[in-house]
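Here are my notes on the model, as numbered points. Please read them with the structure open.

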Amino acid sequence: MSVHKEIKRVTTHVLSEMKLKGEKIAMLTSYDYSMAKLVDQAGIDIILVGDSASNVMAGNETTLPITLDQMIYHGKSVVKAVNRALVVVDMPFGSYQGNSLEALNSAIKIMKVTHADAVKVEGGKEIIESVERILSAGIPVMGHLGLMPQSINKYGTYTVRAKEEVEALKLIDDAKLLEEAGCFAIVLEKIPAELGTKVAQALKIPVIGIGAGGGVDGQVLVIHDMLGITQTFSPRFLRRYLNLADEIKGAVNNYVQDVKSKDFPNEREQY
Ligand code: KIV
(Lines give C-alpha, C1' and ligand atoms only; values in the text may rest on other atoms or scores of the structure.)
Protein backbone atom coordinates (compact mmCIF):
# COMPACT_ATOMS: atom_id res chain seq x y z
CA MET A 1 0.00 0.00 0.00
CA SER A 2 1.23 3.56 -0.73
CA VAL A 3 2.36 5.87 2.08
CA HIS A 4 -0.35 8.27 0.86
CA LYS A 5 -3.21 5.82 1.58
CA GLU A 6 -1.88 4.62 4.95
CA ILE A 7 -1.40 7.92 6.73
CA LYS A 8 -3.89 10.06 8.65
CA ARG A 9 -1.74 13.18 8.72
CA VAL A 10 1.05 14.22 6.37
CA THR A 11 4.25 15.22 8.16
CA THR A 12 7.70 16.14 6.86
CA HIS A 13 8.74 12.58 7.81
CA VAL A 14 5.92 11.12 5.69
CA LEU A 15 7.13 13.21 2.73
CA SER A 16 10.67 11.87 2.99
CA GLU A 17 9.25 8.33 3.17
CA MET A 18 7.31 9.04 -0.03
CA LYS A 19 10.53 10.07 -1.76
CA LEU A 20 12.29 6.93 -0.50
CA LYS A 21 9.48 4.73 -1.85
CA GLY A 22 9.32 6.62 -5.15
CA GLU A 23 5.75 7.78 -4.45
CA LYS A 24 5.05 11.17 -6.05
CA ILE A 25 3.92 14.04 -3.82
CA ALA A 26 0.85 16.09 -4.83
CA MET A 27 0.74 19.73 -3.74
CA LEU A 28 -1.71 22.56 -4.54
CA THR A 29 -2.24 26.08 -3.27
CA SER A 30 -5.26 27.26 -1.27
CA TYR A 31 -5.94 30.58 0.38
CA ASP A 32 -9.32 30.26 2.09
CA TYR A 33 -11.28 27.90 4.36
CA SER A 34 -13.84 26.55 1.88
CA MET A 35 -11.40 25.71 -0.91
CA ALA A 36 -8.83 24.25 1.51
CA LYS A 37 -11.50 21.95 2.97
CA LEU A 38 -12.29 20.51 -0.49
CA VAL A 39 -8.64 20.21 -1.48
CA ASP A 40 -7.80 18.42 1.78
CA GLN A 41 -10.79 16.07 1.52
CA ALA A 42 -9.72 15.18 -2.03
CA GLY A 43 -6.44 13.75 -0.69
CA ILE A 44 -3.76 16.34 -1.42
CA ASP A 45 -0.44 15.79 0.40
CA ILE A 46 0.68 19.43 0.83
CA ILE A 47 -1.37 22.64 0.79
CA LEU A 48 0.68 25.73 0.05
CA VAL A 49 -0.73 29.04 1.21
CA GLY A 50 1.23 30.68 -1.58
CA ASP A 51 2.02 34.35 -1.91
CA SER A 52 0.37 33.86 -5.31
CA ALA A 53 -2.60 35.00 -3.18
CA SER A 54 -1.28 38.44 -4.11
CA ASN A 55 -2.19 37.70 -7.75
CA VAL A 56 -5.25 35.45 -7.61
CA MET A 57 -6.92 36.75 -4.44
CA ALA A 58 -5.90 40.42 -4.34
CA GLY A 59 -5.50 41.13 -8.09
CA ASN A 60 -1.91 42.44 -7.89
CA GLU A 61 0.39 42.04 -10.88
CA THR A 62 3.20 40.52 -8.78
CA THR A 63 3.59 38.72 -5.46
CA LEU A 64 5.53 41.63 -3.96
CA PRO A 65 2.72 43.72 -2.40
CA ILE A 66 1.23 41.02 -0.14
CA THR A 67 2.02 41.63 3.54
CA LEU A 68 2.91 39.33 6.42
CA ASP A 69 -0.44 40.03 8.10
CA GLN A 70 -2.32 39.21 4.87
CA MET A 71 -0.42 35.90 4.52
CA ILE A 72 -1.25 35.15 8.15
CA TYR A 73 -4.94 35.85 7.48
CA HIS A 74 -4.92 33.37 4.57
CA GLY A 75 -2.84 30.82 6.51
CA LYS A 76 -5.17 30.89 9.50
CA SER A 77 -8.24 30.36 7.29
CA VAL A 78 -6.64 27.39 5.53
CA VAL A 79 -5.31 25.65 8.65
CA LYS A 80 -8.82 25.70 10.21
CA ALA A 81 -10.10 23.61 7.27
CA VAL A 82 -7.35 21.00 7.04
CA ASN A 83 -7.26 17.61 8.75
CA ARG A 84 -4.74 15.65 6.70
CA ALA A 85 -2.45 17.69 4.46
CA LEU A 86 0.77 19.38 5.55
CA VAL A 87 0.19 23.16 5.42
CA VAL A 88 3.03 25.42 4.29
CA VAL A 89 2.73 29.22 4.41
CA ASP A 90 4.81 31.38 2.05
CA MET A 91 6.89 34.06 3.77
CA PRO A 92 6.09 37.23 1.80
CA PHE A 93 8.59 39.56 0.11
CA GLY A 94 10.35 41.74 2.67
CA SER A 95 9.66 39.54 5.68
CA TYR A 96 12.90 37.50 5.64
CA GLN A 97 15.49 38.96 3.24
CA GLY A 98 16.57 41.94 5.39
CA ASN A 99 18.23 40.14 8.28
CA SER A 100 17.97 36.76 9.94
CA LEU A 101 16.39 38.07 13.17
CA GLU A 102 13.59 39.71 11.18
CA ALA A 103 13.19 36.43 9.29
CA LEU A 104 12.97 34.48 12.53
CA ASN A 105 10.40 36.88 13.99
CA SER A 106 8.28 36.72 10.82
CA ALA A 107 8.38 32.91 10.79
CA ILE A 108 7.51 32.71 14.49
CA LYS A 109 4.54 35.04 13.95
CA ILE A 110 3.30 32.88 11.06
CA MET A 111 3.60 29.65 13.09
CA LYS A 112 2.14 31.11 16.31
CA VAL A 113 -0.92 32.70 14.72
CA THR A 114 -1.75 30.34 11.84
CA HIS A 115 -0.76 26.98 13.41
CA ALA A 116 0.69 25.97 10.01
CA ASP A 117 3.25 23.18 9.74
CA ALA A 118 6.02 24.99 7.87
CA VAL A 119 7.08 28.10 5.98
CA LYS A 120 8.50 28.56 2.46
CA VAL A 121 11.17 31.05 1.35
CA GLU A 122 12.61 31.94 -2.06
CA GLY A 123 16.37 31.89 -2.61
CA GLY A 124 19.61 30.06 -1.87
CA LYS A 125 22.98 31.35 -0.68
CA GLU A 126 21.71 34.94 -0.35
CA ILE A 127 19.18 34.03 2.34
CA ILE A 128 20.90 31.02 3.94
CA GLU A 129 21.48 32.83 7.26
CA SER A 130 17.74 33.50 7.53
CA VAL A 131 16.94 29.88 6.65
CA GLU A 132 19.33 28.60 9.37
CA ARG A 133 17.94 30.99 11.97
CA ILE A 134 14.33 29.95 11.26
CA LEU A 135 15.32 26.28 11.38
CA SER A 136 17.13 26.84 14.70
CA ALA A 137 13.74 27.68 16.24
CA GLY A 138 12.39 24.29 15.17
CA ILE A 139 10.34 25.67 12.29
CA PRO A 140 10.39 23.43 9.18
CA VAL A 141 11.46 25.33 6.05
CA MET A 142 10.68 24.58 2.40
CA GLY A 143 13.07 26.21 -0.12
CA HIS A 144 12.12 27.64 -3.53
CA LEU A 145 14.60 27.98 -6.43
CA GLY A 146 14.48 28.53 -10.20
CA LEU A 147 11.88 31.13 -11.13
CA MET A 148 11.41 33.11 -7.94
CA PRO A 149 8.47 35.49 -8.45
CA GLN A 150 9.58 37.72 -5.55
CA SER A 151 12.71 38.57 -7.62
CA ILE A 152 10.78 39.50 -10.77
CA ASN A 153 12.15 43.05 -10.74
CA LYS A 154 15.71 41.70 -10.90
CA TYR A 155 15.01 39.53 -13.99
CA GLY A 156 12.17 41.47 -15.63
CA THR A 157 10.59 38.34 -17.14
CA TYR A 158 8.86 35.10 -16.10
CA THR A 159 10.71 32.97 -18.72
CA VAL A 160 12.37 29.59 -18.02
CA ARG A 161 15.29 29.89 -15.60
CA ALA A 162 18.69 28.15 -15.41
CA LYS A 163 18.96 27.30 -19.11
CA GLU A 164 22.57 28.49 -19.10
CA GLU A 165 25.24 26.40 -17.35
CA VAL A 166 26.33 29.10 -14.88
CA GLU A 167 22.78 29.58 -13.58
CA ALA A 168 22.15 25.80 -13.53
CA LEU A 169 25.32 25.18 -11.49
CA LYS A 170 24.34 27.92 -9.03
CA LEU A 171 20.88 26.36 -8.69
CA ILE A 172 22.41 22.95 -7.90
CA ASP A 173 24.75 24.53 -5.31
CA ASP A 174 21.86 26.44 -3.75
CA ALA A 175 19.71 23.30 -3.58
CA LYS A 176 22.52 21.41 -1.80
CA LEU A 177 23.04 24.34 0.56
CA LEU A 178 19.34 24.38 1.49
CA GLU A 179 19.40 20.63 2.09
CA GLU A 180 22.54 20.87 4.25
CA ALA A 181 20.96 23.70 6.25
CA GLY A 182 18.04 21.39 7.06
CA CYS A 183 15.18 22.31 4.70
CA PHE A 184 12.66 19.44 4.47
CA ALA A 185 11.82 20.01 0.79
CA ILE A 186 12.44 22.34 -2.14
CA VAL A 187 10.19 23.78 -4.84
CA LEU A 188 11.77 24.19 -8.28
CA GLU A 189 9.89 26.54 -10.59
CA LYS A 190 10.10 26.75 -14.40
CA ILE A 191 13.48 25.18 -15.16
CA PRO A 192 14.55 22.60 -17.79
CA ALA A 193 13.23 19.10 -16.97
CA GLU A 194 16.72 17.62 -17.20
CA LEU A 195 17.96 19.98 -14.47
CA GLY A 196 14.93 19.19 -12.30
CA THR A 197 15.70 15.48 -12.51
CA LYS A 198 19.38 16.08 -11.73
CA VAL A 199 18.55 18.09 -8.59
CA ALA A 200 15.97 15.52 -7.41
CA GLN A 201 18.54 12.74 -7.84
CA ALA A 202 21.26 14.71 -6.05
CA LEU A 203 19.14 15.49 -2.98
CA LYS A 204 17.72 13.24 -0.26
CA ILE A 205 14.89 15.68 0.51
CA PRO A 206 11.80 15.83 -1.75
CA VAL A 207 11.93 18.18 -4.72
CA ILE A 208 8.53 19.48 -5.84
CA GLY A 209 8.29 20.96 -9.32
CA ILE A 210 6.13 23.53 -11.07
CA GLY A 211 7.28 23.46 -14.68
CA ALA A 212 10.34 21.40 -13.69
CA GLY A 213 9.42 18.18 -15.55
CA GLY A 214 8.38 14.71 -14.44
CA GLY A 215 11.68 13.59 -12.94
CA VAL A 216 11.17 15.45 -9.66
CA ASP A 217 9.52 13.98 -6.55
CA GLY A 218 6.20 15.82 -6.76
CA GLN A 219 4.20 18.52 -8.50
CA VAL A 220 2.57 21.76 -7.41
CA LEU A 221 0.09 24.02 -9.21
CA VAL A 222 -1.85 27.14 -8.27
CA ILE A 223 -5.44 25.99 -7.61
CA HIS A 224 -7.01 28.87 -9.59
CA ASP A 225 -4.94 27.89 -12.63
CA MET A 226 -5.63 24.13 -12.55
CA LEU A 227 -9.37 24.69 -12.00
CA GLY A 228 -9.50 27.14 -14.90
CA ILE A 229 -10.60 30.13 -12.81
CA THR A 230 -7.70 32.22 -14.15
CA GLN A 231 -8.27 32.69 -17.87
CA THR A 232 -5.27 34.39 -19.43
CA PHE A 233 -2.39 32.55 -17.71
CA SER A 234 -1.45 29.57 -19.90
CA PRO A 235 2.17 28.47 -19.48
CA ARG A 236 3.18 25.14 -21.05
CA PHE A 237 3.44 23.44 -17.63
CA LEU A 238 -0.17 24.15 -16.70
CA ARG A 239 -2.73 21.35 -17.05
CA ARG A 240 -6.30 22.63 -16.58
CA TYR A 241 -8.59 20.06 -14.96
CA LEU A 242 -11.74 22.20 -15.20
CA ASN A 243 -12.98 25.26 -17.00
CA LEU A 244 -14.49 26.79 -13.89
CA ALA A 245 -14.46 30.33 -15.32
CA ASP A 246 -17.12 29.36 -17.90
CA GLU A 247 -19.04 27.25 -15.34
CA ILE A 248 -19.18 30.15 -12.87
CA LYS A 249 -20.11 32.75 -15.50
CA GLY A 250 -22.82 30.43 -16.85
CA ALA A 251 -24.31 29.89 -13.38
CA VAL A 252 -24.19 33.62 -12.53
CA ASN A 253 -25.76 34.47 -15.87
CA ASN A 254 -28.60 31.97 -15.23
CA TYR A 255 -29.17 33.53 -11.80
CA VAL A 256 -29.30 37.05 -13.30
CA GLN A 257 -31.86 35.87 -15.90
CA ASP A 258 -33.97 34.15 -13.20
CA VAL A 259 -34.02 37.24 -10.96
CA LYS A 260 -34.86 39.60 -13.85
CA SER A 261 -37.60 37.32 -15.18
CA LYS A 262 -39.03 36.89 -11.63
CA ASP A 263 -38.57 33.12 -11.97
CA PHE A 264 -36.48 33.19 -8.74
CA PRO A 265 -37.64 32.78 -6.04
CA ASN A 266 -40.57 30.48 -6.80
CA GLU A 267 -43.31 29.36 -4.36
CA ARG A 268 -41.12 26.67 -2.74
CA GLU A 269 -38.20 29.04 -2.28
CA GLN A 270 -39.97 31.49 0.03
CA TYR A 271 -41.60 31.54 3.50
O1 KIV B 1 3.03 31.25 -4.33
C2 KIV B 1 2.87 30.19 -4.94
O3 KIV B 1 1.77 29.79 -5.33
C4 KIV B 1 4.06 29.37 -5.19
C5 KIV B 1 3.91 28.20 -6.09
C6 KIV B 1 3.85 28.64 -7.50
C7 KIV B 1 4.96 27.18 -5.87
O8 KIV B 1 5.10 29.66 -4.70
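1. Helix H5 meets helix H6 through Leu 68, Asp 69, Ile 72, Gly 75, Lys 76 and Val 79 on the H5 side. On the H6 side the residues are Ser 106, Lys 109, Ile 110, Val 113 and Thr 114. Contact here means heavy atoms within 4.5 Å. Helices (H or I, at least four residues) and strands (E, at least two) are DSSP runs, numbered from the N terminus. The residues of the contact of H5 with H6 divide into five nonpolar, three polar and three charged. In that count Ala, Val, Leu, Ile, Met, Phe, Trp, Tyr, Cys and Pro are nonpolar, Asp, Glu, Lys and Arg are charged, and the others, Gly among them, are polar.

2. On provenance: this is a predicted model, in which local features need pLDDT of at least 70 and side-chain atom pairs count only at pLDDT 80 or more, while totals for chains, interfaces and linings use all residues. Residues are numbered from 1 along each chain as its sequence is written, and side-chain values use heavy atoms, with hydrogens and water left out.

3. Axes are lines fitted to C-alpha atoms, for helices over the stretch in contact, and angles run from 0 to 180 degrees between N-to-C directions. H5 passes H6 in a right-handed crossing. A crossing is right-handed if the near helix is turned clockwise from the far one by less than a right angle, and left-handed if anticlockwise.

4. H6 (residues 100-114) also packs with helix H7, their axes coming within 8 Å and crossing at roughly 45°. At that angle H6 is therefore oblique to H7. Angles under 35 degrees count as roughly parallel, over 145 as roughly antiparallel, 65 to 115 as roughly perpendicular and the rest as oblique. The crossing of H6 and H7 is right-handed. Ser 100, Leu 101, Ala 103, Leu 104 and Ala 107 of H6 face Glu 129, Ser 130, Arg 133 and Ile 134 of H7 in this contact. Its residues divide into five nonpolar, two polar and two charged.

5. H7 (residues 128-136) packs in turn with helix H9, at an angle of about 20° and with the axes 10 Å apart. H7 and H9 are therefore roughly parallel to each other, and H7 passes H9 in a right-handed crossing. From H7, Ile 128, Val 131, Glu 132 and Leu 135 meet Leu 177, Leu 178 and Ala 181 of H9. The residues of this contact divide into six nonpolar, no polar and one charged.

6. What is the order of strands in the barrel? The closed barrel has eight strands, running E1-E2-E3-E4-E5-E6-E7-E8 with parallel pairing. Two strands pair if DSSP finds at least two bridges between them. Neighbouring strands of this sheet are turned by 25° against each other on average, direction ignored. Helix H9 (residues 165-181) packs on the sheet, where H9 touches strands E5 (141-146) and E6, and the direction of H9 makes about 180° with that of E5.

7. Strand pairs worth checking on screen follow. Strand E6 (residues 185-189) runs parallel to strand E7 (residues 207-210), and four bridges join them; Ile 186 has Val 207 as its bridge partner in E7. E7 and E8 pair in the parallel sense over two bridges, with Gly 218 of E8 as the bridge partner of Ile 208. Strand E1 (residues 25-29) pairs with strand E8 (residues 218-221), again in the parallel sense, over four bridges. In E8, Gln 219 is the bridge partner of Ala 26.

8. Two backbone details deserve a look. His 115 has a phi near 65°, a positive value in a residue other than glycine, and lies in the loop between H6 and strand E4 (118-120). A cis peptide bond joins Phe 264 and Pro 265, with omega about -5°. Pro 265 is found in the segment after helix H12 (244-260).

9. On domains, the chain is divided into domain 1 (3-240) and domain 2 (245-271), with bounds from an automatic or database domain assignment. The C-alpha centres of the two domains lie 39 Å apart.
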